[in-house]
Number of protein chains: 2
Amino acid sequence: MEHRPGRPRRPDVDAAVRAATVRLVAQRGYDGTTLDHIAREAGVAKTTVYRRWDSKADLVLDALVDVLGEPPLPTGGGELRETVGWLAARIGDPAVHQLLVGLVGEAVADPAVRAALRQRIRQPFEDRLVAAWGAGAADVDLAFDVVVGSLLHHAALAGSIDTRVVDTVTEVAVRLLSGEA
Amino acid sequence: MEHRPGRPRRPDVDAAVRAATVRLVAQRGYDGTTLDHIAREAGVAKTTVYRRWDSKADLVLDALVDVLGEPPLPTGGGELRETVGWLAARIGDPAVHQLLVGLVGEAVADPAVRAALRQRIRQPFEDRLVAAWGAGAADVDLAFDVVVGSLLHHAALAGSIDTRVVDTVTEVAVRLLSGEA
DNA sequence: TCCATTACGCTACTGTTGGTATCGTTAATA
DNA sequence: TATTAACGATACCAACAGTAGCGTAATGGA
């Protein structure tokens with residue numbers, strides 16, 4: 001029962017394509033990165049990419065989930081800032097925010113991308129905070145929108161992300177979640 | 001000295017094209033609206049549109065400036081919320097946020113759009129607040145990014161904008177500008 | 001009136017890009 | 001050996017932003 005019949009998939013292709021996607025989108029942006037380019041960079045035919053992912057958005061989301069990592073689980077009392085700060089810091093990473101801003105752009109036009117983004121990016125973050133704090137999911141959603149939205153918009157208008165802005169936005173979101181509204 | 005030599009421009013074309021742009025982008029989104037469609041809807045040839053605007057982004061920005069309107073000038077003491085709330089409410093308008101989210105998407109890839117967006121959208125807002133409050137421009141920029149970014153991101157993930165979110169975000173930005181950080 | 005100048009509509013076109021179809025080949029199982 | 005599925009390669013399609021060229025209409029000036 002090792003394999004289904006037929007030629008097995010090359011085992012290293014998924015990782016190579018994801019890595020090429022992250023690298024290229026980080027330096028050339030979402031729109032500036034074509035699928036031909038990704039495939040060539042990963043040493044794979046474009047048709048192979050489309051056998052494994054449904055669309056460019058699907059691939060980029062997969063690459064983003066990979067490079068984003070998992071949010072830390074706040075353990076004690078004052079650790080809320082740890083989780084929120086982690087999110088803000090991750091978005092400061094050019095790879096993360098370039099991948100994300102491209103996906104958000106697609107989400108505006110495509111409800112499927114919207115749902116996938118909620119489920120694979122926002123949900124895990126929300127789960128941690130709700131589990132550790134019993135906070136309302138709506139409040140966490142709002143805090144997430146404030147952190148991610150503010151930083152992405154800042155990056156869009158400024159071209160890069162200022163560290164001071166990351167800190168201030170973190171502070172704002174922590175206050176919001178602490179129930180000081 | 002009435003006119004330069006040559007056939008004068010049809011005087012109502014600018015307004016008609018802007019109106020068609022607002023209408024179509026509001027209901028079909030930025031990517032879902034083609035220039036052929038805009039031209040047809042405005043009763044004008046596509047080449048005429050390109051004689052008057054340099055690009056789709058240029059046209060959409062022009063239409064956005066038009067439909068956004070001018071921020072109110074806060075007059076007295078507690079009127080900061082008036083100006084910030086105006087901005088948040090304007091973004092709640094589907095026409096405004098659809099136009100804006102498309103432009104922000106272009107701004108990520110195109111520094112020229114980035115600069116134009118700063119100058120024609122954020123600048124007037126900033127001018128009012130700095131003139132009336134002597135607040136630092138950097139603080140106003142941040143507040144702008146928080147209001148606009150949070151609401152656009154919320155819209156991107158939810159598909160529409162919740163009124164409660166508009167209010168909360170306004171509150172957050174007002175606090176930020178009041179120097180309670 | 002004739003001319004230079006500029007806007008217009010129209011049609012046709014280019015170039016890019018996400019995504020697909022086809023096909024011969026290769027690597028696995030049964 | 002037969003079947004099954006993945007692969008690379010190439011060619012292709014459909015959209016769409018933006019451009020070129022052309023005949024025509026409308027203005028001001030000589």
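Helix α8 of chain A and helix α6 of chain B cross in a left-handed way, meaning that the near helix is turned anticlockwise from the far one by less than a right angle, while clockwise would be right-handed. This is a predicted model, where local features need pLDDT of at least 70, side-chain atom pairs count only at pLDDT 80 or more, and totals for chains, interfaces and linings use all residues. Residues are numbered from 1 along each chain as its sequence is written, and chains are lettered from A and ligands numbered from 1 in the order in which they are written.

**The helix crossing**

- The axes of α8(A) (residues 137–158) and α6(B) (residues 94–109) come within 8 Å and cross at roughly 60°; axes are lines fitted to C-alpha atoms, for helices over the stretch in contact, with angles from 0 to 180 degrees between N-to-C directions.
- That makes α8(A) and α6(B) oblique to each other, a label for whatever is left once angles under 35 degrees (roughly parallel), over 145 (roughly antiparallel) and 65 to 115 (roughly perpendicular) are taken out.
- On the α8(A) side the contact uses H153(A), A156(A) and L157(A), and on the α6(B) side V104(B), A107(B) and V108(B); contact here means C-beta atoms, placed from the backbone, within 7 Å.
- Sorted by class, the residues of this contact are five nonpolar, one polar and no charged (Ala, Val, Leu, Ile, Met, Phe, Trp, Tyr, Cys and Pro are nonpolar, Asp, Glu, Lys and Arg charged, and the others, Gly among them, polar).

**Where the chains touch**

**Around the DNA**

- DNA strand C is surrounded by 25 residues, and the closest are R7(A), K56(A), G6(B), R7(B) and T48(B); a residue is near if its C-beta atom, placed from the backbone, lies within 6 Å.
- The surface near DNA strand C has eight nonpolar, eight polar and nine charged residues.

Key:
Helices (H or I, at least four residues) and strands (E, at least two) are DSSP runs, numbered from the N terminus. Two residues are in contact if their C-beta atoms, placed from the backbone, lie within 7 Å.
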